[in-house]
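The following note sets out some points for a colleague to check against the coordinates. Each point may be read on its own.

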Amino acid sequence: MPGTHPDDAQFTRLIDLALAEAALALGHGDIPVGAVIASLDGTVIASRHNEREKLQDPTAHAELLALRDAATTRGTWRLDNCVLAVTLEPCPMCAGAIWAARIPLVVFGAADPKAGAAGTLYNFAADPRLNHSTDVVRGVRDEECAALLTDFFTTRRA
């Protein structure tokens with residue numbers, strides 16, 4: 001991943017890894033969302049999926065679990081040289097945690113019109129009242145990410 005940010009091929013690679021992680025959530029009845037955190041050079045540091053049902057924890061979103069693992073691996077809460085790739089646009093809780101961790105770049109697949117906090121409903125990434133911002137790349141493999149969620153909810157409601 002040359003330069004400050006990864007390139008489009010690396011975005012796709014990271015979302016592909018996040019999609020594989022999201023599929024693991026299906027094994028325990030969780031909404032299939034996956035997140036990957038990598039250093040800006042492309043090295044994967046953490047990879048997690050939703051575990052709210054598995055852990056009975058309302059905060060067990062893929063992004064939060066991945067942030068915790070990445071901070072542990074790095075030995076610091078400051079993840080200011082990392083990219084977070086996630087299959088679904090982060091919610092306000094996750095966007096707040098991304099801000100707190102100083103993640104400079106978020107890449108996501110499917111937009112979330114009900115709770116998206118990286119530009120769709122809210123925009124924590126670029127709020128001028130906050131002390132730093134996060135670059136956002138949206139819509140990477142969005143059809144595949146959205147299809148995984150649509151299939152999950154269609155099956156669940158059947």
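Two strands are said to pair if DSSP finds at least two bridges between them. The model under discussion is predicted, and the points below should be read accordingly.

1. Pairing of β4 and β5. By that criterion β4 and β5 form a pair: three bridges link them, in the parallel sense.

2. Pairing of β3 and β4. Strand β3, residues 82–88, runs parallel to β4, and five bridges join the two. Within this pairing, valine 83 stands opposite leucine 105 of β4.

3. Burial of β4. Is β4 largely enclosed or open? Because six of its six residues are buried, β4 is largely enclosed by the rest of the structure.

4. Helix α3. This helix covers residues 62–74, 13 residues in total, and spans 18 Å from its first C-alpha to its last, close to the 18 Å expected at 1.5 Å a residue. Its buried residues are Ala62, Glu63, Leu64, Leu65, Ala66, Leu67 and Ala70. Which elements cover these buried residues of α3? The cover includes β1, β2 (44–49), β3 and α4. Just after the helix, glycine 75 adopts a positive phi of about 75°.

5. Serine 39. This residue lies in strand β1, which comprises residues 34–39. Its relative accessibility is 7%, and serine 39 therefore counts as buried, the cut-off for that class being under 20%. The side chain of serine 39 makes a polar contact of 2.4 Å with the side chain of aspartate 41. Serine 39 and alanine 70 are 31 residues apart along the chain, and their C-alpha atoms are separated by 9.8 Å. Alanine 70 is itself among the buried residues of α3.

6. Histidine 132. Where does histidine 132 lie? Its place is in the loop between β4 (105–110) and β5 (135–137). Leaving aside residues up to four places away in sequence, histidine 132 touches Trp99 and Arg102. With tryptophan 99 there is a polar approach to examine: a polar atom of the histidine 132 side chain lies 2.7 Å from the backbone oxygen of tryptophan 99.

Terms used
Residues numbered from 1 in each chain as written. Predicted model: local features only at pLDDT ≥ 70, side-chain atom pairs only at ≥ 80, totals over all residues. Heavy atoms only, no water. Helix = DSSP H or I, 4+ residues; strand = E, 2+ residues; numbered from the N terminus. Polar contact = N/O pair within 3.5 Å; in protein donor to acceptor, adjacent residues only side chain to side chain. Contact = heavy atoms within 4.5 Å. Buried < 20%, exposed > 50% of the residue type's maximum accessible area, 1.4 Å probe, protein only. Expected span 1.5 Å × (residues − 1).
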